[in-house]
Amino acid sequence: MNEFEWHELKSRLLRSPFRAKFRLGKKDMGYLREKGLETIRSHAEDFIRKRISPTFPENDGKQTPFRNHPVFVAQHATATCCRNCLHKWHSIPKGKPLGDDEEKYIVDVIMLWLGDQLT
């Protein structure tokens, strides 16, 4: 995802009152700074692979907590939290496993949002 695409997506997300309200709290911000973006990226990759990528994720629509990890907060802020949101906001079809490119795209979006939170 290039910078222009990120700014376009971010602008759309910020027009949603639900998506726009998400911010990292002190605890999540501290965890992000302590672990660093590289470690958090590996967490995001793992969460996406296990919780979102399968054809029919377990508890789809409810599998992503709202807190207790910066990636979870970022997923809700970026509409990468479930297959319905991925379909609606990112045009990623439901009913098929995610491919490597789709997983990378999702993680990139999450990491861009987290990077914005650090600045």
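Biologist: How many aromatic pairs does the count come to?

Modeller: First, a word on the source: this is a predicted model, in which local features need pLDDT of at least 70 and side-chain atom pairs count only at pLDDT 80 or more, while totals for chains, interfaces and linings use all residues. Residues are numbered from 1 along each chain as its sequence is written, and side-chain values use heavy atoms, with hydrogens and water left out. Rings of Phe, Tyr and Trp (its six-membered ring) pair if their centres lie within 6.5 Å, and planes under 30 degrees apart count as stacked, over 60 as edge-to-face and the rest as tilted. By this rule, the number of aromatic pairs is four.

Biologist: Is phenylalanine 22 buried or exposed?

Modeller: Buried means under 20% relative accessible area, exposed over 50%, and partly exposed in between (1.4 Å probe, protein chains only). Phenylalanine 18 has 34% relative accessibility and so counts as partly exposed. Phenylalanine 22 has a relative accessible area of 8%, so its label is buried.

Biologist: Why do α4 and α6 count as roughly perpendicular?

Modeller: Axes are lines fitted to C-alpha atoms, for helices over the stretch in contact, and angles run from 0 to 180 degrees between N-to-C directions. Angles under 35 degrees count as roughly parallel, over 145 as roughly antiparallel, 65 to 115 as roughly perpendicular and the rest as oblique. The axes of α4 and α6 are 9 Å apart, and the angle is about 105 degrees. The pair is therefore roughly perpendicular.

Biologist: Which residues of α6 make the contact with α4?

Modeller: Contact means heavy atoms within 4.5 Å. On the α4 side are Pro70, Val71, Val73, Ala74, Gln75 and Ala77. On the α6 side are Ile110, Trp113 and Leu114.

Biologist: How many charged residues are in the contact of α1 with α6?

Modeller: The axes of α1 (residues 3-14) and α6 (residues 100-118) come within 11 Å and cross at roughly 75 degrees. The contact is made by Trp6, Leu9 and Lys10 of α1 and Tyr105, Val109, Leu112, Trp113 and Asp116 of α6. Ala, Val, Leu, Ile, Met, Phe, Trp, Tyr, Cys and Pro count as nonpolar, Asp, Glu, Lys and Arg as charged, and the others, Gly among them, as polar. That gives six nonpolar residues and no polar ones, and the charged count is two.

Biologist: Which side chain has a polar contact of 2.7 Å with the side chain of histidine 90?

Modeller: A polar contact is a pair of N or O atoms within 3.5 Å; within protein, one must be able to donate a hydrogen and the other to accept it, and residues adjacent in sequence count only if both atoms are side-chain atoms. Histidine 90 lies in α5 and is buried at 11% relative accessible area. A polar atom of its side chain lies 2.8 Å from the backbone oxygen of threonine 78. The 2.7 Å partner is tyrosine 105.

Biologist: Which side chain does threonine 80 join in a polar contact?

Modeller: Threonine 80 is found in the loop between α4 (70-77) and α5 (83-90). Threonine 80 has a relative accessible area of 0%, so it is buried. The polar contact spans 2.9 Å, and the partner is threonine 78.

Biologist: What is phi of serine 91 near?

Modeller: Serine 91 sits in the loop between α5 and α6 and is exposed, with a relative accessible area of 61%. Most residues other than glycine have a negative phi. Serine 91 has a positive value, near 60 degrees.

How values were computed. Helix = DSSP H or I, 4+ residues; strand = E, 2+ residues; numbered from the N terminus.
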